[in-house]
Amino acid sequence: MSRSVVQSTGNVFIDLGYAPEEAAVLQMRADLMADLRDAHGEFVPFMGRDARSTVFPALLARLHKVPIIAIRALRVGVRQFRIDAVHIPLIHDKDRKIEIRENTLRIQKQFEVWIKQDPEQWMWGHNRWDTEG
C-alpha cells in the first residue's frame with residue numbers, strides 16, 4: 001500500500017525499523033496497530049535459526065507497562081476461523097536491551113509453537129532468515 005493511500009485513510013505510515021520510539025508514542029492514540037516488518041529487528045532464535053524479529057511489541061510493553069497478547073486466526077473451514085489468544089509472560093529487567101530481547105524471544109517462541117501445530121496455515125512474504133537485512 002502506498003503512503004498516499006495510507007495517509008488518505010487517516011492512518012499514519014511509520015518505518016518501524018528506523019523509529020520504534022516515535023511509533024510507540026503515536027500508537028498511544030491508535031485503536032489498532034500492526035507491525036508486519038522485521039527487516040531491522042533483533043536476531044533471535046526462530047525455528048532453529050537466528051532470524052530478525054520485530055522488537056516493537058516488547059518495546060511497547062516496556063514503555064507502557066502493558067501485557068503482550070499473541071493472537072492468531074486459524075482457518076477451520078471455508079470462510080471460518082478460530083481466534084486464539086495467548087498471554088506472553090514477560091520479564092522485567094533494569095537493562096532495557098536484555099528485557100526487550102528476551103521478551104521478543106518469548107513472542108517468537110509462541111509463534112513457533114503455533115507454526116509447528118499447523119504449518120500449512122503459515123507463510124511469509126519475505127525471507128525471514130535474511131542476514132543482510
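1. Phe111, Trp114 and Trp122 form one aromatic cluster in this predicted model, where local features need pLDDT of at least 70 and side-chain atom pairs count only at pLDDT 80 or more, while totals for chains, interfaces and linings use all residues. Residues are numbered from 1 along each chain as its sequence is written, and side-chain values use heavy atoms, leaving out hydrogens and water.

2. Rings of Phe, Tyr and Trp (its six-membered ring) pair if their centres lie within 6.5 Å, with planes under 30 degrees apart counted as stacked, over 60 as edge-to-face and the rest as tilted; by this rule there are two aromatic pairs. Phe111 and Trp114 form an edge-to-face pair, 5.5 Å centre to centre with 85° between the planes. These two residues are three apart in helix H4, and therefore about one helical turn separates them; helices here are DSSP runs (H or I, at least four residues), as strands are (E, at least two), numbered from the N terminus.

3. Which is buried and which is partly exposed, Phe111 or Trp114? Phe111 is partly exposed at 23% relative accessibility, whereas Trp114 is buried at 3% (buried means under 20% relative accessible area, exposed over 50%, partly exposed in between, with a 1.4 Å probe and protein chains only).

4. Phe111 and Trp122 also form an edge-to-face pair, 6.0 Å centre to centre with 85° between the planes. This pair links distant parts of the chain, since Phe111 lies in helix H4 and Trp122 in the segment after H4, eleven residues apart. Trp122 is partly exposed, with a relative accessible area of 25%.

5. In helix H3 (residues 56-64), Phe56, Ala58, Leu59, Leu60 and Ala61 are buried, and Lys65, which follows H3, has a positive phi near 55°.
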